[in-house]
Each structure stands twice: as structure tokens, then as C-alpha cells.
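Have the viewer open as you read.

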Amino acid sequence: MQIQTLTATGRLVRVLTTVAAFSLLLAGTIWGTDDHFPFGPFSMYAGINGPNDPAPDTRVEGVDATGATVVLNEHNAGVRRAEVEGLESAYVADPERLALIADSYARMNPDAPPVVRVAFIVRLHEIRNSSLTGQ
């Protein structure tokens, strides 16, 4: 195997790329929002549960015309878990908004049975001394 060294232009491109990426990360941390991913402040990871606080598991589930339960997510309905969690109060205040997720599922899965019911699910996993209890 032959080792090749970078040219001056190659080194300059790497340095400028690194400076640009670092600058975007810094600016996103100071002024950005979660929508600026991957250069945002990552505030969605800033929260922490206490050692004995329950850990929430939020999801949107649908029941299709055959009675099967389908987890509606980024891959089949175009909605990310973080978006669902961020809009929890909006879904609680106006459950009809969940129909938009079912509509998106229908567009992305035209051959699948239609979703006839949608539910916003929050499961709380019990935590004791920073460990799952299985409850």
C-alpha cells in the first residue's frame, strides 16, 4: 500500500472545511434552533430525567382497516419522534391534527390498508436508581 501526502490545495480545502463546520456548529449553538440540525444546539438532548423519574416513550400508532396496529414514524409516515414529542401539547389540545399523520401515511404507502384510527401514545418506563425496572 502506498501512502500519499496531501497537496497544499488539499490541506487548504480540509482546513477551510473544518473551520466552516466548526463555525456552523458554534453559530448553531449560540443562535440556532433544533430545526438547524445538525448544526443546531441539540437542546432536544438537554433534558435529563432524575434517577427515579419515569422515562417517557412517545409514539403515534395507527390501526389500519384490517385491525393491525402500525407505528407511524419517519419511515412510513414522514413524522419524526422528536416532532411528535415537541407537538404533544398541540395534539392533546386538538386531536384532529393526528389525521394529518394518517394522511401522510396514506400518501407514502398507497398500497397499504388505510389507517382508520390514530392514537398518541406516551408510555412511562419506571426508573429506580437510574436503572430500568421493567415496569
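## Arg 81 and its partner

Arg 81 is partly exposed, with a relative accessible area of 43%. Here buried means under 20% relative accessible area, exposed means over 50%, and partly exposed lies in between (1.4 Å probe, protein chains only). Arg 81 forms a salt bridge with Asp 57, and the closest N and O atoms are 3.7 Å apart; the term stands for a side-chain nitrogen of Lys or Arg within 4 Å of a carboxyl oxygen of Asp or Glu. This pair links distant parts of the chain, with Arg 81 in helix H2 (residues 81-86) and Asp 57 in strand S1, 24 residues apart. Helices (H or I, at least four residues) and strands (E, at least two) are DSSP runs, numbered from the N terminus.

A word on the source: this is a predicted model, in which local features need pLDDT of at least 70 and side-chain atom pairs count only at pLDDT 80 or more, while totals for chains, interfaces and linings use all residues. Residues are numbered from 1 along each chain as its sequence is written, and side-chain values use heavy atoms, with hydrogens and water left out.

Is Asp 57 buried or exposed? Asp 57 is buried, at a relative accessible area of 14%, whereas Arg 59 is partly exposed at 25%.

The structure holds 7 salt bridges. One of them joins the side chains of Arg 80 and Glu 83 (3.5 Å, N to O). Both residues are partly exposed, Arg 80 with a relative accessible area of 38% and Glu 83 with 32%. Through shared partners, salt bridges join Asp 57, Arg 59, Glu 61, Arg 81, Glu 85 and Arg 123 into one network.

## Strand S1 and its neighbours

Strand S1 spans residues 55-64. Because 7 of its 10 residues are buried, S1 is largely enclosed by the rest of the structure. S1 runs antiparallel to strand S3 (residues 115-125), and 10 bridges join the two; strands pair if DSSP finds at least two bridges between them. Ala 55 has His 125 as its bridge partner in S3.

Strand S2 (residues 69-72) is also antiparallel to S1, joined to it by 4 bridges, and Val 60 has Leu 72 as its bridge partner there. The hairpin of S1 and S2 has 4 residues between the strands, and in it Gly 67 takes a positive phi near 95 degrees.

## The nonpolar core

What does the largest nonpolar core hold? It has 13 residues, and those with the most contacts inside it are Val 60, Leu 72, Ala 77, Leu 98, Ile 101, Tyr 105 and Phe 120. Such a core is a set of buried Ala, Val, Leu, Ile, Met, Phe, Trp, Tyr and Cys residues joined through side-chain atoms within 4.5 Å. S2, helix H4 (98-108) and S3 each give two or more residues to this core, and the largest share, 4 residues, comes from H4.

Setting aside neighbours within four places in sequence, Phe 120 is in contact (heavy atoms within 4.5 Å) with Thr 58, Arg 59, Val 60, Val 84, Glu 88, Tyr 91 and Leu 98.
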